[in-house]
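Subject: Structure handover

Hello,

Here is the structure for your files. My notes on some of its strands and helices follow below.

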Amino acid sequence: MAAPGSGKVVYEQEGVFIHSSSGNSDDQDCLLSGILRVIEKDTEVIVDWRPLDDLLDSSNILYARKDSSSVVEWAQTPKEKTLRGTEHPNSYEAEWDMVNTVSFKKKPQSNGDAAVHTNGENKWSFLFSLADLKSIKQNKEGMGWSYLVFCLKDDVVLPALHFHHGDSALLIHSLRKYVVLCESPQDKRILVNCQSISQSFENLLDEPAYGLLEKLKTDPYTATMGRFSKVTNYIYDSLRGSDPATQQRPPSEMADFFSDAIPGLKINQQEEPGFEVITRIDLGKRPEVNRRQPVSVEEWTKNMDSEGRILNADSMKQMIFRGGLCHALRKEVWKFLLGYYPWHSTREERTNIQKRKIDEYFRMKLQWKSVSEEQEKRNYRLRDYRSLIEKDVNRTDRTNKFYEGQDNPGLILLHDILMTYCMYDFDLGYVQGMSDLLSPILYVMENEVDAFWCFALYMDQMHQNFEEQMQGMKTQLIHLSTLLRLLDSGFCSYLESQDSGYLYFCFRWLLIRFKREFSFQDILRLWEVMWTDLPCQNFHLLICCAILESEKKQIMEKHYGFNEILKHINELSMKMDVEDVLCKAEAVSMQMINCKELPQAVCEILGLENSAATTPDSDTGEDETAGGISHSAPAYPNISKPVAAANGTSESIEQVTPTMLTD
């Protein structure tokens with residue numbers, strides 16, 4: 001670890017004591033009052049404690065001396081290693097430098113237990129990277145002062161920190177921003193680090209290259225910053241290896257550890273109501289689908305009356321679904337697709353809408369712009385939101401010319417829109433990944449206010465993906481499993497045999513709607529197609545099915561296991577053709593819609609009133625002529641339309657239920 005410079009303090013608490021002789025009845029208990037901080041620095045988060053009553057002498061920093069033995073000894077940092085630090089003993093640079101002074105020395109074992117020794121000084125300081133945290137032990141409720149004991153990897157145990165002001169819960173809350181702390185099933189007082197939500201999202205959102213497992217073991221925090229498959233590998237390996245009880249568990253149980261590591265995501269089908277056990281169904285022949293050219297400016301203007309109303313919104317949506325939009329139209333048409341403008345509105349009505357939205361936006365923006373430093377010091381949630389936004393904005397689509405370079409105005413707009421969204425929806429605020437959803441919208445709109453409202457409407461659709469319990473992600477994974485099993489029960493059975501039946505490798509696809517799977521321009525096409533809400537509800541799940549079906553042969557023929565499946569799916573990023581995927585997904589939708597025995601649960605997932613068995617000829621569609629080219633719309637049965645909510649967003653009518661298929 002390179003010695004960092006000064007960092008950003010995100011948590012600070014005075015009155016945190018070390019009881020220097022706790023547990024030793026021969027010595028008088030000596031209370032060492034100190035200050036505890038959590039500090040962000042680049043890609044690291046540091047937990048730092050130092051005495052409050054004296055300036056830091058860098059030679060007093062405790063360091064762990066250890067060799068192949070698991071026994072550690074606390075000792076003073078050797079003077080020869082602190083020359084650089086003593087030049088500036090009051091600065092954080094001195095303390096950061098000391099991170100590199102850890103050396104290894106064998107200590108004789110005593111009764112097989114690790115012992116912690118101090119150097120005789122009554123002032124101790126220590127700091128560690130949160131990446132090295134293994135667990136936190138808490139005191140029992142009602143048992144004196146609140147205290148925490150940090151256990152690091154390699155079983156290094158730090159001195160207990162006693163919170164005489166009873167504020168340990170605030171520290172735990174702060175740490176949960178960076179790490180997932182799960183209760184140990186053996187002892188509820190122990191919180192185990194199950195890897196961070198922050199890392200999880202960053203892993204989902206970073207570049208697609210797949211790192212080596214050895215790198216994860218050596219430096220899990222840095223290595224797992226890359227991609228979702230790294231998170232899953234790290235969790236899979238570390239949970240199996242760190243707990244002796246889990247080392248004997250069969251591989252079939254390892255997926256359970258992974259689901260536990262993402263809070264709220266674990267799927268327990270026994271608790272899900274409405275399961276329908278059905279026999280295998282013949283879906284019939286899958287039709288061939290050809291896509292058309294993108295909707296042109298001429299086609300759009302021909303479909304508009306003199307006052308600016310869209311003459312046939314359904315026909316226009318069908319054209320957009322089948323071919324997308326030329327880029328010149330996106331700035332205007334996306335506002336219709338996302339519900340910013342009603343399809344039946346006139347130009348004058350749209351101008352009035354925009355004026356109202358401008359006023360409303362800047363009132364919200366002023367709310368966070370006018371917060372003073374003193375106010376922000378007393379609002380930890382706003383501080384946390386700002387910190388996450390600043391971190392994410394600086395790495396969002398920086399290879400795109402719209403966002404590249406330093407002091408880019410596009411980055412400033414990204415930041416301001418996301419901060420304003422925190423005022424618009426303070427309960428949700430900002431969660432990592434949301435910047436990826438905003439980036440293409442701002443790129444297309446080139447306007448702060450329009451981009452904000454389109455993003456807010458898109459977030460209404462995506463809101464559940466980012467909620468703490470991840471209910472939206474859980475439901476989508478269940479529905480995806482149901483659809484894939486209907487299409488290919490053999491492939492599903494194979495995935496289940498490799499502990500991949502919950503399809504967690506699709507997590508990134510669903511979380512940010514394929515944003516990191518296709519090129520930036522392809523995402524513009526994919527999103528506008530999905531925003532038409534055609535040909536059925538949850539079309540994005542059929543896109544997942546189409547991709548997985550294309551990869552089935554390689555996965556099964558090469559006998560890929562848990563890690564190989566994750567690796568393979570992750571490496572599909574930027575290698576797929578969006579038009580080909582859309583053709584396959586539409587063909588799958590037509591195959592299902594035209595099936596005469598489609599299970600009721602699948603009808604509910606796709607938003608169909610009933611299968612083709614009872615409505616074979618309904619809503620056959622009309623021929624559309626655009627630019628002299630005839631395009632035949634596919635025949636779809638009645639589709640239950642989304643209900644328009646008061647705020648202009650779409651909400652699903654039905655509560656869908658998963659389906660289990662048996663051969």
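Two strands are taken as paired if DSSP finds at least two bridges between them. Strands (E, at least two residues) and helices (H or I, at least four) are DSSP runs, numbered from the N terminus. This is a predicted model, in which local features need pLDDT of at least 70 and side-chain atom pairs count only at pLDDT 80 or more, while totals for chains, interfaces and linings use all residues. Residues are numbered from 1 along each chain as its sequence is written, and side-chain values use heavy atoms, with hydrogens and water left out.

Strands

Strand β1 (residues 8-19) runs antiparallel to β2, and 10 bridges join them. One of the pairings puts F17 with S33 of β2. On β2 there is also an antiparallel pairing with strand β3 (residues 44-51), through 8 bridges; here G34 stands opposite P51 of β3. β2 and β3 form a hairpin with 2 residues between them, and D42 in that turn has a positive phi of about 55 degrees.

Burial is used with these cut-offs: buried is under 20% relative accessible area, exposed is over 50%, and partly exposed is in between (1.4 Å probe, protein chains only). Strand β2 (residues 31-41) has 9 of its 11 residues buried, so it is largely enclosed by the rest of the structure.

Helices

Helix α14 (residues 380-393) has 14 residues and spans 20 Å from first C-alpha to last, close to the expected 20 Å (1.5 Å times one less than the number of residues). Its buried residues include Y385, R386 and D392. Among the elements that cover the buried residues of α14 are β1, β2 and α16.

Helix α16 (residues 434-445) has 12 residues and reaches 17 Å, close to the 16 Å expected. In α16, 12 of its 12 residues are buried.

The axes of α16 and helix α21 (residues 520-530) come within 11 Å and cross at roughly 90 degrees. Axes are lines fitted to C-alpha atoms, for helices over the stretch in contact, with angles from 0 to 180 degrees between N-to-C directions. The two helices, α16 and α21, are therefore roughly perpendicular (65 to 115 degrees; under 35 is roughly parallel, over 145 roughly antiparallel, the rest oblique). The contact (heavy atoms within 4.5 Å) involves residues including P440 and Y443 of α16 and L524 and W527 of α21.

Regards
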